[in-house]
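Please keep the sequence and the three-dimensional view at hand while reading.

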Amino acid sequence: MAELGLNEHHQNEVINYMRFARSKRGLRLKTVDSCFQDLKESRLVEETFTVDEVSEVLSGLQAVVYSEVESELINTAHTNVLLLRQLFSQAEKWYLKLQTDISELENRELLEQVAEFEKAEFTSSNKKPIIDTMKPKLAPLNEGGTTELLNKEISRLQEENEKLKSRLKTIEMQATQALDEKSKLERALQDLQLNQGNQKDFIKAQDLNQDLENTVAALKSEFQKTLNDKTENQKSLEENLATAKHDLLRVQEQLSMAEKELEKKFQQTAAYRNMKEILTRKNDQIKDLRRRLAKYEPED
């Protein structure tokens with residue numbers, strides 16, 4: 001099967017877009033066929049036509065077909081802009097700047113590769129049933145694109161958490177050692193109070209006790225700050241993952257709704273109704289002219 005050099009997730013996204021484009025192309029071709037069919041049924045009712053009549057019929061048909069083709073080309077261009085907008089918006093969320101090479105759009109070799117890929121996807125007898133291709137399952141969140149960036153961010157946060165854990169252990173050891181030292185000094189202070197009456201030694205012991213209490217308080221504050229940083233990082237990661245999941249589900253739902261809406265609008269196109277009205281009006285005018293001309297023809 002032809003490939004586009006993309007991973008499985010992105011290739012499935014391309015297939016979804018090609019399915020959308022094929023659906024719209026099919027609807028527009030049906031409209032063009034209807035224009036020709038209406039012309040046959042409403043105007044080609046006589047056995048012979050003059051050159052002017054044929055020219056008028058073809059001119060009317062040309063105007064309608066031109067309008068249909070122009071409308072489809074404009075709509076296709078606008079649809080592609082919306083598709084690029086989605087891709088660029090996702091990239092900007094991660095501070096990425098995507099670039100396009102317009103010259104590659106006319107690369108015949110690549111265009112033939114895309115045509116071969118489309119033919120293999122939609123005409124092969126070995127493809128999956130239609131129900132599977134029309135409703136693809138959501139790809140896992142670990143396959144690439146936005147989720148690849150999320151995975152990198154997860155890995156970075158995990159490494160940071162490991163560093164924080166190591167730092168917490170070090171702080172806990174320092175706090176334990178400080179408490180042990182404090183206990184030793186308190187016992188030494190008690191010994192000094194009981195065994196010595198030297199006031200200078202007593203004051204020095206009090207200063208040492210105060211310094212140790214300040215050290216313990218600073219270590220506790222740093223320990224609490226480290227825990228808070230870890231909690232905030234985990235919360236931010238969970239929010240990013242939830243947002244990515246919601247974006248994927250919303251894109252799938254929008255695509256499904258667009259396909260259903262296109263099927264409903266086929267019989268309601270403005271160009272179709274305009275062609276019907278023009279052909280009916282022209283047919284009435286021709287019949288009226290024939291009746292008027294018949295009055296001046298000699299009777300047999």
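## Conventions and overall fold

Helices (DSSP runs of H or I, at least four residues) and strands (DSSP runs of E, at least two residues) are numbered from the N terminus. The model is predicted, with local features requiring pLDDT of at least 70 and side-chain atom pairs counted only at pLDDT 80 or more, while totals for chains, interfaces and linings use all residues. Residues are numbered from 1 along each chain as its sequence is written, and side-chain values use heavy atoms, with hydrogens and water left out.

The protein chain contains 7 helices and 0 strands. Read from the N terminus, the order of its elements is α-α-α-α-α-α-α. A residue is called buried under 20% relative accessible area, exposed over 50%, and partly exposed in between (1.4 Å probe, protein chains only).

The accessible surface, computed by the Shrake-Rupley method with a 1.4 Å probe, where only the protein chains shown count as cover for residues, amounts to about 22800 Å². Carbon and sulfur atoms hold 53% of that surface. A contact is defined as heavy atoms within 4.5 Å. Among contacts in the protein chain with a separation of 6 or more, 83% come from residues 24 or more positions apart.

## The largest nonpolar core

Which residues make up the largest nonpolar core? A nonpolar core is a set of buried Ala, Val, Leu, Ile, Met, Phe, Trp, Tyr and Cys residues joined through side-chain atoms within 4.5 Å. The largest one consists of 8 residues: Cys35, Leu39, Val57, Leu61, Val64, Val65, Met275 and Leu279. At least two residues of this core come from each of helix 1 (8-42), helix 2 (51-93) and helix 7 (270-294). Helix 2 contributes the most, with 4 residues.

Cys35, a member of this core, touches Leu61, Val64 and Met275 when neighbours within four places in sequence are set aside.

## Features of helix 1

Ser34 belongs to helix 1 and is buried, at a relative accessible area of 17%. A polar atom of the Ser34 side chain lies 2.9 Å from the backbone oxygen of Lys30. A polar contact is a pair of N or O atoms within 3.5 Å; within protein, one must be able to donate a hydrogen and the other to accept it, and residues adjacent in sequence count only if both atoms are side-chain atoms.

How many aromatic pairs does a search of the whole structure find? The search gives 1. Rings of Phe, Tyr and Trp (its six-membered ring) pair if their centres lie within 6.5 Å; planes under 30 degrees apart count as stacked, over 60 as edge-to-face and the rest as tilted. The ring centres of Tyr17 and Phe20 are 6.3 Å apart and their planes stand at 40 degrees, so this pair is tilted. Tyr17 and Phe20 are 3 residues apart in helix 1, which means that about one helical turn separates them. Tyr17 is partly exposed, at 25% relative accessible area, whereas Phe20 is buried, at 13%.

## Charged residues and their surroundings

The charged end of Arg22 sits over the ring of Phe122, at 4.5 Å from the ring centre. This description applies if NZ of Lys or CZ of Arg is within 6 Å of the ring centre and within 35 degrees of the ring normal.

Glu118, in helix 3, is buried, with 19% relative accessibility. Leaving out residues up to four places away in sequence, Glu118 touches Met18, Arg22, Arg25 and Thr123. Glu72, in helix 2, is likewise buried, with a relative accessible area of 14%. Apart from neighbours within four places in sequence, Glu72 is in contact with Lys24 and Arg28.

Tyr66 lies in helix 2. Is Tyr66 buried or exposed? With 56% relative accessibility, Tyr66 is exposed. Its C-alpha atom is 9.7 Å from that of Val32, although Tyr66 and Val32 are 34 residues apart along the chain.

Tyr95 is placed in the loop between helix 2 and helix 3 (108-123) and is exposed, at 77% relative accessibility. Most residues other than glycine have a negative phi. Tyr95 is not a glycine, yet has a positive phi of about 60 degrees.
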